Amino acid sequence: MLLTALKLKLAALVAVAGIDTAEMPGASPEFTKILTDLKADTDKVQATPGNSNVDVNKSFNDAVAKIRELAQKEDKDAIYALAHWGVLSGANINEVAALFRKAADKGQVLAMSELAQVLMQAGAQNPEAVKEAIKLIQQAEAKDNKVARRMLAQLHLQGVTEGEKGTVVVEKSAAKAKALLEKGSAAGDGEATLGLFQLYSAGVDGTQQDHAQALKYLIQAGEQGSAVALSTYGARLLNGDPDTAGSPKLVKKDVAKALKMFEDAAAKGLAAANRILGQIYENGVGVDGADVKQDVKKAFDYYTLAANGNDPQALFRLGNAFETGIIKDPKKARDDKDNVLIQPNPKSALDLYRLAAQNNLAEAFYNVGVYYETGTVVDKDPAKAFAFLMKAATANIAQAMNRLAGLYANGTGVTQDVVAAAGWYQRAADMGFAPAQIALGILYEQGAGVRQSRLVASNLYSDAAQQGVALAMLRAANLYAVGVEPGKPEYTRAWAFAKQADEVAQKSGNKADIDVTTSVLQQLEGKMSDAEKAEAKKVFEKLPKPSAGAAPATAAPVNEAPKGAAPKKK
């Protein structure tokens, strides 16, 4: 009888779409049944990517509809699920917070920690929200929530104060942080053990730097299922600790040991281990595969196994593969049928991106958003595109910030707001994303959404130019030709940037690009004296050299629409 009951209990557990009923004690049979049905459809897609007749979007939307009905009956786990799925279920950030709060009020522990994360985003702008978040974190930790425990440890490492007098809200205490991480580690939380590795690696207030102890925690974290720990230790085994100052010099290169470690972890059911093996075989290890030969087919077999285990990065990599197609041997022709491993299939790519997004991978939210923005496979839906891109942007994906800014600038899927556009361009530019630096430079030139400043624009173009982006070089040349200071053109500096763009064009061999840069140089030279031409060459030599892999000189011309609208980037 006991054995039968145990089997029934195990059968009731289901993990799908970023939700695991093992973390929801007392989940209702109705709730579990909905997730079980969704998982059955998801498993079909993951087991044979590109060959399933299942409509992932329909399956998920059907599940959302049933979960919503259950939530209306006050099922706390269903309410939490709607909030957790957020933009995937069509909710905005305010609705998400309200749902999390409702579930948390009913005692749903996962909702407590996730609501806290939403509230913490308010930061210094809303101290009351932060105080509420801290209270929720403490309540969830007291109920043995591992995520809340790690969050509380992080708060103790940083300390939280309020007001001008610095009233202590959370005591800054490395000792308390360490105690929380040790508690989590003892309970089998690999991410908490990884936190101990980081403490001992860095040496933090009262915890002396100890690389040997840190290594023990790193290995333990991997054994407990931390994908980051497994990957970090594996990389050290594949390469060995370098013989340089500051290096721990504790791990010697042992490729065979690394592979066995990943294979053992994969055999135990750790999906991330299969994904890491896929990465190893896709790229090979060592010069010309001296340590591990590149084997693309084997790599994607491992990716598929990882996807079967709901590894979001493996799902995303498979999505990439179906978007572009994959060949077995990069040295052979792409149009050789025998060399094709995966044919391009945008519909399958989107399905896989959706599954990765369901598992909360920020990059996947970005890609799904782009599909809706461009109308690839699905009908164009600017509002959905905006929602998906916002989710990715708030997770610090620079490309999403840039694209979101473009939506704000053009009023696509959202009310036009050039100030908001400038803010998102700024965030992406601060991360060094060249397209955002160019777009923001245009706004500063025009004074759209920001105070007009040609000097700031010139600096932004220069930053992007140093990354080898020829479009930025031409923008800078244009600006100096008319004058950063109005009425005072600097032809020598303009020529220097145009010359940089011309070098990029010449290397690319693209005739259209070469024609553009040649024309710009000729126009500038027609306005310059011989002395200025000689000086321009000196300025050119002194310019910071751009990085390799420059963008085409005239690629994606900037859309200088009213109010500083920026181009949409593919």
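A salt bridge here is a side-chain nitrogen of Lys or Arg within 4 Å of a carboxyl oxygen of Asp or Glu. By that definition, the structure holds 26 salt bridges. Please keep in mind that this is a predicted model, where local features need pLDDT of at least 70, side-chain atom pairs count only at pLDDT 80 or more, and totals for chains, interfaces and linings use all residues. Residues are numbered from 1 along each chain as its sequence is written, and side-chain values use heavy atoms, with hydrogens and water left out.

| Salt bridge | N to O distance |
|---|---|
| Lys-102 and Glu-74 | 3.3 Å |
| Glu-132 and Arg-101 | 2.7 Å |
| Lys-253 and Asp-291 | 2.8 Å |

Let's take the Lys-102 pair, with its closest N and O atoms 3.3 Å apart. It links distant parts of the chain, 28 residues apart: Lys-102 sits in helix 5 (residues 93-105), Glu-74 in the loop between helix 3 (56-71) and helix 4 (76-85). Helices are DSSP runs (H or I, at least four residues), numbered from the N terminus. Lys-102 has a relative accessible area of 35% and Glu-74 one of 39%, so both count as partly exposed (between buried, under 20%, and exposed, over 50%; 1.4 Å probe, protein chains only).

Turning to Glu-132 and Arg-101, their salt bridge spans 2.7 Å. Glu-132 belongs to helix 7 (residues 127-142) and Arg-101 to helix 5, so this pair ties together parts 31 residues apart in sequence. Glu-132 is partly exposed at 30%, and Arg-101 is partly exposed at 30%.

Methods:
Helices (H or I, at least four residues) and strands (E, at least two) are DSSP runs, numbered from the N terminus.
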